[in-house]
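Dear colleague,

Please find below the structure that I am handing over to you. My notes on salt bridges and nonpolar cores follow it.

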Amino acid sequence: CAIGWLICKVVFYSFSVNYRIFTFKGNLLVVPMDGSHWIGVKAIAQEMGRRGHRVTVVMPEISMQMGPGKHYNTVTFPVPYDQAYVDSVMAKNTEALEKSAESFMQQVQSKMSQFQAIMDAIHITAETLLFNDSIITHLAQQNFDAVLTDPMVPTGSLIARKLGEFIHIFMICVGIPCSLDLKAAGCPSPPSYVPRFASGLTDRMTFMERVFNSLVSIALFEPLLCRLIYRHFDHLAHQFLGEKVSIAEVLSDSDIWLMRIDFTLEFPRPLMPNMVQVGGINCKVKNRLPDVRPVYFRFQLLLKNTKATPIVKQED
């Protein structure tokens with residue numbers, strides 16, 4: 001009798017554990033980046049919410065594409081600009097892309113002006129969110145299990161580090177300038193094998209091309225770009241977290257990297273075990289193509305029952 005009671009307790013315990021596992025509903029915080037980066041993040045937020053998880057998306061009151069959804073909640077924060085400012089930034093971007101008849105120096109100046117306008121908007125939005133004490137306090141009280149964010153703008157990573165060391169961090173990105181994502185994930189990226197961004201090289205390089213690729217990664221384009229983009233965020237990290245830490249160190253806290261790439265469209269390169277390729281995750285699922293086989297068989301039957309002679313054009 002005692003043995004039977006012990007078996008019943010073990011079975012009940014196993015059932016209760018499995019029940020809790022299969023009915024687990026997580027609490028997910030989403031801190032996205034505006035623009036086209038929002039498309040892939042929105043697809044995940046919608047699907048996680050549809051499956052019953054509690055999803056909270058933090059977004060500014062004024063944005064380019066972000067907005068409420070059916071399967072997630074939104075927390076908006078005020079920003080010190082209006083829709084006209086956002087439209088002007090987008091207009092500069094369009095203008096820089098259309099000016100193809102300008103001289104080389106004029107094109108460089110236009111690109112730098114457009115780049116600076118975008119970075120100013122990103123920095124203003126990040127500062128407004130990070131130093132909004134009421135929003136950060138509210139998020140800290142929600143007991144989130146995980147944070148999904150875009151490392152291109154490391155605002156979500158800074159918030160996740162502020163919320164606590166036991167929160168899981170999921171990144172979704174195509175890639176970060178100056179290969180900061182690879183450095184943060186500890187992923188090997190030898191310049192003799194992996195071509196650098198905007199170098200125009202492939203994974204099959206001559207000796208001189210490898211030398212040029214090494215110069216790009218060490219002394220030229222990548223360090224300059226990293227300094228232009230993430231120097232301000234290094235300063236924000238020190239102010240917000242109260243510790244002297246770089247953005248690369250903050251990004252290294254990430255548990256999973258969801259890479260919006262596909263191995264068939266990329267050059268071969270090493271990836272770490274926590275880097276998962278999810279290319280096409282933002283593609284909308286279309287209806288299946290109609291079955292054409294009945295039409296094909298009817299066409300074959302029509303040809304067999306038709307006594308038609310082929311028309312042959314005679315040469316003169």
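Which residues are linked in a network of salt bridges? Glu-47, Arg-50 and Arg-51 form such a network, a salt bridge being a side-chain nitrogen of Lys or Arg within 4 Å of a carboxyl oxygen of Asp or Glu.

Before the details, two remarks on the basis of these notes. The model is predicted, and local features need pLDDT of at least 70, side-chain atom pairs count only at pLDDT 80 or more, and totals for chains, interfaces and linings use all residues. Residues are numbered from 1 along each chain as its sequence is written, and side-chain values use heavy atoms, with hydrogens and water left out.

Salt bridges

The structure holds 4 salt bridges. In the one between Glu-47 and Arg-50, the closest N and O atoms are 2.5 Å apart. Both residues belong to helix 2 (residues 37–50), where 3 residues, about one turn of the helix, separate them. Helices (H or I, at least four residues) and strands (E, at least two) are DSSP runs, numbered from the N terminus. Glu-47 is partly exposed, its relative accessible area being 28%; buried means under 20%, exposed over 50%, and partly exposed in between, with a 1.4 Å probe and protein chains only.

Arg-161 takes part in a salt bridge with Glu-243, with the closest N and O atoms 3.2 Å apart. Arg-161 lies in helix 6 (residues 155–163) and Glu-243 in the loop between helix 9 (221–241) and helix 10 (247–251), so this pair ties together parts that are 82 residues apart in sequence. Arg-161 also forms a salt bridge with Asp-253, where the closest N and O atoms are 2.5 Å apart. This second pair links distant parts of the chain, 92 residues apart, as Asp-253 sits in the loop between helix 10 and strand 6 (256–259). Asp-253 is partly exposed, at a relative accessible area of 34%.

Nonpolar cores

A nonpolar core is a set of buried Ala, Val, Leu, Ile, Met, Phe, Trp, Tyr and Cys residues joined through side-chain atoms within 4.5 Å. The largest has 52 residues, and those touching the most other members are Leu-29, Leu-158, Tyr-230, Phe-233, Ile-247, Leu-251 and Trp-257. Helix 9 supplies the largest share of this core, 9 residues. A second, separate core of 16 residues includes Leu-28, Ala-45, Val-55 and Ile-172.

With kind regards
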